[in-house]
Amino acid sequence: MAREKKPAAAATAAKVPESIRTGNSVASLKQSVLDNLFYAIGRPMSVATRHDLYTALSLTVRDRLMEKDLESIHAFSTREFKTVCYLSAEFLMGPQLGANLFNLGIYEAAEKALQELGLRLDDLLEVEEEPGLGNGGLGRLAACYLEAMASVEVPAMGFGIRYEFGIFDQAIRDGWQVEMTDKWLRLGNPWEIHRPEIGHEVMLGGRTEAGTDAQGRYRVRWIPERVVKGTAYDTPIAGYKVNTCNLLRLWKAEALESFDFAAFNQGDYTRAVEEKVGSENISKVLYPNDDQARGKRLRLEQQYFFVACTLQDLLRVHLAMGRKIETFCERFVIQLNDTHPSVGIAELMRLLVDVHGLDWDAAWAITSRTFGYTNHTLLPEALEKWPVDVFGQVLPRHLEIVYEINHRFLQEVRAAFPGDEGRAVRVSIIEEGPRPAVRMAHLATVGAFAVNGVAALHTELLKRDLLPDFVAMWPGKFHNVTNGVTPRRFVGLSNPGLTKLISSRIGDGWLKNLDGLRALEPLAGDAGFEAAWRAVKLENKRRLAELIRERTGVAVDPESLFDVQVKRIHEYKRQHLNALHVLARYFRLKRDPSADLPARTVIFGGKSAPGYFMAKRVIKLIHSLGEVINSDPDVRGRLKVVFFPDFNVKNAQHIYPAADLSEQISTAGKEASGTGNMKFALNGALTIGTLDGANVEIREAVGAENFFLFGLTVPEVAKLWRDGYRPYDVYERSETLRETLDALVSGTFSRGDRELFRPLVDSLLDRDTFLLLADFEAYVACQARVDELWRQPAAWTRKAILNVARMGRFSADRSILEYCEKVWKTRPMPI
């Protein structure tokens, strides 16, 4: 008898009603906001503040994230996979509300839900306090990579520090940078979930004792001076329109005992909370000033603290799942984002040998297969070295382990290169000298199974100039993975006008696969599309112009060329080269008011390290130029200078979409990669730049004809120094350069103070470490080519479209997939 055919369940079952708690319809979102406002915050709509409403909406979005997070955790716990653990001292996450709405695909539904409540989403987005848990590119890259790992569905977790006070807020007073405390947690953080039950003890200082265990094996016991506790705070990280939701776990330092009741009863109220204050200092501030010995010690304690918490946590999870400790490196791969977390190599050895009882060789076999190391800089001052005495005071057991690692490593070096003691000295983890130091980059290179640079040129220089002896030993250990950025935040969310225009022509698949932007190429030359492109750009510029007026009081013309340089202020990034060109342009307009120079608005932004004398003077210089130029009627409507204060992710999302010209003018060989260059180009700005960092690859991708190139190359820089560079000779040969530098010490731009900018001018004439004067004439000539193209709107727009169309390779998704293939040996795991 034929089996009776049952009707399909989908056709017969009643439609399951959507959950108010996790539904994505306008009605569900609206009710969820009201529920969270009433039950979680305890406010009715009638008295709710804007921050109350922001929090209610954020909790509404977090509910939907947590549903995906729990699904991801379940999937990861029931499948065989390798988890990527990304360790970074910085995570510059940026505002979360807009990014999460966008990645969940509910941005428009949330807008409509709020409209029905009489609210505007844009108003609530502005309420969000940005977590300042990073200083610049390093932390922002880490954030992009967390989002990309979730979007391509690679199981991953980020680990760092929950700094109570992040990177300072920048205020400008009389043209000078003033650092203000970043109190990002003062009103709470709705995105994080405190896990007080997940805590780990971290030992610091003290001494070690050696002996033997019951089996007669050599063992070392660490007797610490003090112990602090790290507790976990988790933030879900949503992928773009996928079910995967990864996690960022940040550690907060606490005292084991936060209150000494006996001391309090004796009237010693200070001592009663002394342990609490001392312990919490570890996670108090991002990058404490390390000019003094106490500051150096605190920075080392910070680095060790989050690494120790993380490794204990990973071992806890691994063993709780019934796995053998010997398989740890098969289940976890740990990526060190620069040298800050590289003490983790010594810490994992300590945990395996001292706590879990493995012998050295077994522990090293696991450790050396666990870590990957990303190098981010070639600048000597940025390569961490810890004086041995400081390292030993904070981490006495780890210093012994580092010495043992180094001893065994140097035996290997001497066996491979007999008689070459110079090589052994060069590669040693311990730098000998009057004050010996631990070279953290060397520790990372020795202990990692893979080392990568972050742009093709950077990796080449890393292998050739920084670590050539290591390359000779382990050529297969070194890789390149060029940095990338997330197009979701930096185009989709930041530039809705351009996103809508592009998607109307080629669909929205490019947000998931950025190579899809290639489909725009045939539209470069379509007059209608070019006109729409220009209209989007002009609207973005109008919005930024209004923001500039609000923040600085300077009125700028959106029809002028927006020439933008926003990034950390540093001499090698050469903001002062840009400023010198501004001054040369000003003098030309003063001499010849009829000069055919298009109107230009030059926009700067960025923070200087608090103790960086010269960088702070550059900020003052920019403001001083603006003070004179912006008030001079002779150049009104022709040239404006703006410094946009407190550059961060939130402000960047207004600036990148409005830029016409992207200034990427660092000295060749100094910038590891850069990611601002990618964000500008993806938003349709043309680049003026040197062959430095990822500029090289961007120029290759977009076409040399669509990139304004100037300046010395890396080989030319090396030759110039070999031949004996004399910057004063360059000054004497260039009339334009003499005019600009002389003006800086004339008092004209410093209210009569001839000494204000003399240190800046003297450093250029005496040393010119970053070759501003050598590149000045080429830069000015290149800027003339910019002017020429700007006079041809159609030609400029075609090049802008081609730039965007050819930027697909600079997606963070591509970077992550390359890490999976070259370094982590893992793959996406769709949920």
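Which residue stands opposite Arg173 in strand 4? I found that Trp176 takes that place.

**Basis.** I worked from a predicted model, in which local features need pLDDT of at least 70, side-chain atom pairs count only at pLDDT 80 or more, and totals for chains, interfaces and linings use all residues. Residues are numbered from 1 along each chain as its sequence is written, and side-chain values use heavy atoms, with hydrogens and water left out.

**Confidence.** I looked up pLDDT, the predictor's confidence in each residue, from 0 to 100. The protein chain averages 94, and 95% of the residues score at least 70. Over residues 1–13 the pLDDT stays under 50, and for that stretch the model has 1 contact beyond four places in sequence (contact means heavy atoms within 4.5 Å).

I took helices (H or I, at least four residues) and strands (E, at least two) as DSSP runs, numbered from the N terminus. Two strands pair if DSSP finds at least two bridges between them. Strand 3 (residues 169–173) and strand 4 (residues 176–180) pair in the antiparallel sense over 5 bridges. Their hairpin has 2 residues between the strands, and Asp174 takes a positive phi near 55° there.

I recorded an open sheet of 9 strands with mixed pairing, in the order 5-8-9-2-1-10-11-15-16. At its edges are strand 5 (193–204) and strand 16 (478–480), each of which pairs on one side only. From one strand to the next the twist averages 25°. Angles run from 0 to 180 degrees between N-to-C directions, and axes are lines fitted to C-alpha atoms, for helices over the stretch in contact. Strand 1 (residues 83–87) runs parallel to strand 2 (residues 156–161), and 4 bridges join them. In this pair, Leu87 stands opposite Phe159 of strand 2. Helix 3 (residues 50–78) packs on the sheet and touches strand 5, strand 8 (226–238) and strand 9 (245–255). The direction of helix 3 makes about 100° with that of strand 9.

I noted another open sheet, of 3 strands in the order 12-14-13 with antiparallel pairing. Strand 12 (385–387) and strand 13 (430–431) each have a single partner strand, so one side of each is left without a neighbour in the sheet. Strand 12 is joined to strand 14 (residues 437–439) by 3 bridges, and Lys385 stands opposite Arg439 in strand 14. Helix 18 (residues 440–447) packs on this sheet, touching strand 12 and strand 14; its direction makes about 45° with that of strand 14.

**Helix 13 and helix 16.** The axes of helix 13 (residues 344–355) and helix 16 (residues 396–416) come within 9 Å and cross at roughly 100°. Among the residues in contact are Met349 and Arg350 of helix 13 and Ile401 and Val402 of helix 16. I counted 6 nonpolar, 1 polar and 4 charged residues in this contact (Ala, Val, Leu, Ile, Met, Phe, Trp, Tyr, Cys and Pro are nonpolar, Asp, Glu, Lys and Arg charged, and the others, Gly among them, polar).

**Helix 31 and helix 33.** The axes of helix 31 (residues 735–744) and helix 33 (residues 772–790) cross at roughly 120° and come within 10 Å. Helix 31 is therefore oblique to helix 33. Their contact includes Leu737 and Leu741 of helix 31 and Phe776 of helix 33.

Note on methods: Angles under 35 degrees count as roughly parallel, over 145 as roughly antiparallel, 65 to 115 as roughly perpendicular and the rest as oblique.
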